[in-house]
Amino acid sequence: MTIDIIFKLLGALALLIYGMKLMSEALQKMAGPQLRHILGAVTANRFTGVFTGMFVTSAVQSSSATTVMTVSFVNAGLLTLAQAISIIMGANIGTTLTAWIMSLGYNVDLTNVVFPAFMVGMFLIYRKKHRYLGDFLFGMAFMFFSLVMLSTAGKEMDLGNNEAVVNFFSSFDTSSYWSVLAFLAIGTLITGIVQSSAAVMALTILLCSTGVLPIYFGIALVLGENIGTTMTANAAAFGANTQARRAAMAHLLFNVFGVIWVMIVFYPFVNMICRIVGYDPSMAGQTEKLPVLLAMFHTCFNVTNTALLLPFIPQIEKACYWLIKPKKTKEKSRLRFIEKGLMVAPEISVLQAQREITLFAERMQRMFGMVRSLLDEKDKKEAENIYERIEKYENIADNMEIEIATYLEEVGKAHLSDNTKAKIRSMMRQIGELESIGDACFSLARILHRKHEGKEDFTADQYEHLHEMLRLANESLAQMIVVVGGRRENQTLDLSEEIEKDINALRDTLKTEHIQAVNAHQYSYMIGTIYVDIINACEKLGDYVMNVVEARLGKATLGYRGLKMNLDKKMVTIDGDEIVLTRTEFNLLHLLLANRGQIFSRQQLMETIWSDVVVSDRTVDVNIARLRKKLGPYAQNIANRQGFGYYFDGE
């Protein structure tokens, strides 16, 4: 055996692993949302779970991918452990399709398929709309090409006439359980190292097809692959929550139990499969049947194992609960559905992040509930305790924003579809606005804390009005959670916009009444200032809530209080009424509002807004003046810092 043949063999195995990976990732990107909904919709019916696991694994050509997806769903709380176990059982059956494809590669000349697949795949990759189909064809072509290379390398090695290799395998007794166990351990170890049961299966088929590896040892390697492949899911679940680690453990228990029972009836079971295929282990030759025999054994083993263990899912679940105890140490992270190290297909990662954002939203509503309690609390000590809890929640909001953003940045490093990129951008905006809601709640708490430190109290009318404003704000938060936690296609902006209008209308009414009350000396100026500050803070909180809803529903909008910009429709409204802006005025407002607080010099505005024409400072000033005139109550927000430039004052 020359060094060239060894490199060709190793290169073919590497190409096989890469081709399988490329195929799997392309299929996951093409069918990501569908796979997500299929896995997420699994019911408690264990048979449905098995067929789901079979279907998904056959689709993505990777039991490891399906298992890690399942572990992720358990981690996100979308699947119970029992549902996950049934899916994992189905995944073990679905992965046998890979062995059949490989056996085909050793019995059929795939060269005629490989090069057309490369050509069509390359053409599709450069067409943006179909690039994932191109990636799939490229991966399939690489896989088939590697099988052709393996078959060629096997013939060139001529292991059947290599005395050293033949003597090595002949030194093992095919009738000895110890020899079978030794090859089982080798299969487990190699699969655990290379993290690809497909590569080890290909190598097993190669050795058996050359006639040097007895079929009993080849099947022992296949059994070892079944145990070794569970290491992928267990590694992925290492940093996950308890339920996810139990799901990974269930995969290991399922496969280990299967290997144990098949070892008890090893020779009768293998001989039965041989009879089905028409292979006689006692006769030399017949190597063309061995790839099919290995694929048949793989299928029969996993189908039988699933049939035997399917009724015992509750017992497997109990065993996992007994083996994997809950973590005693409290995690520093505030995240529940995202775990470090558990990064799977982008679609699944995005789903986990959205679940975490829903939890984020629920915590912000809980924080607002504390603010409502603080308003009515008369005991200063208890009020101080509530204030401290609100301050703690504000820190939680800051940490959650950073942790979710960090996770999304990691997801964003992958090769993503345009749809997934848009989802990540939306989520980044959602968490930013949710953190702003936390800031608004803390701002409300500080205002109320200031009131508690003084001696004056609100009047009965002020309490009534504040309760109404807080009720509307809480209603907007509740609707926000419905939108954030539900499917986007089933949600609309209507109810959120209606609540937002009610908040704005109440703010205007209360501020007008406040001026009249102060003039009538119904309460002091100091308590009136606190009263108006609470009203303004609630209205600002409502704006942040609306921004979260718009981000979740994919609306390209910008807003500040009653001022809204629809970037898709190029439309601007003030308190629901449309105002007509020229294209230049719209672009000016967009730039300033999108970069709230940032000062732009006249030169910067000329270079950005009028990049294709030559204009003067006078042109900038005239357009700013026209924009202010059209913005009405928001004219003063287009501010000017003398000697520096213009900015949108959003404070």
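These legends accompany close-up views of a predicted model of one protein chain.

**Figure 1**
Let us start with the overall picture: the chain contains 26 helices and 6 strands. Of its 651 residues, 54% are buried. Among contacts with a sequence separation of 6 or more, 76% are between residues 24 or more positions apart. The chain exposes about 29700 Å², and carbon and sulfur atoms supply 58% of that area.

**Figure 1. T96 sits in helix α6.**
Helix α6 covers residues 96-107, and T96 belongs to it. Is T96 buried or exposed? With a relative accessibility of 6%, T96 is buried, because the cut-off for that class is under 20%. Its side chain reaches the backbone oxygen of I93 at a distance of 2.5 Å. Which residues does T96 touch once neighbours within four places in sequence are set aside? They are H298, T299 and N302.

**Figure 2. M249 in helix α14.**
Here the view moves to helix α14, residues 242-264, where M249 lies. M249 has a relative accessible area of 16%, so it also falls under the 20% cut-off and counts as buried. Leaving out neighbours within four places in sequence, M249 is in contact with N234, C320, L323 and I324. For a sense of how the fold brings sequence positions together, take M249 and I85: they are 164 residues apart in sequence, while their C-alpha atoms are 9.7 Å apart in space.

**Figure 3. An open sheet of 4 strands.**
The strands follow the order β1-β2-β3-β4 and pair in antiparallel fashion. Strands β1 (557-560) and β4 (577-579) form the edges, each pairing on one side only. Ignoring direction, neighbouring strands of this sheet are turned by 25° against each other on average. As background, strands of a sheet pair through backbone hydrogen bonds, in either a parallel or an antiparallel arrangement.

**Figure 4. Where β3 meets β4.**
How many bridges join β3 to β4? Strand β3, residues 571-574, is linked to β4 by 3 bridges, and the two strands run antiparallel.

Definitions and conventions: Residues numbered from 1 in each chain as written. Predicted model: local features only at pLDDT ≥ 70, side-chain atom pairs only at ≥ 80, totals over all residues. Heavy atoms only, no water. Buried < 20%, exposed > 50% of the residue type's maximum accessible area, 1.4 Å probe, protein only. Polar contact = N/O pair within 3.5 Å; in protein donor to acceptor, adjacent residues only side chain to side chain. Contact = heavy atoms within 4.5 Å. Pairing = 2+ DSSP bridges. Axes fitted to C-alpha atoms, helices over the stretch in contact; angles between N-to-C directions. Areas by Shrake-Rupley, 256 points an atom, 1.4 Å probe, with all protein chains shown as cover.
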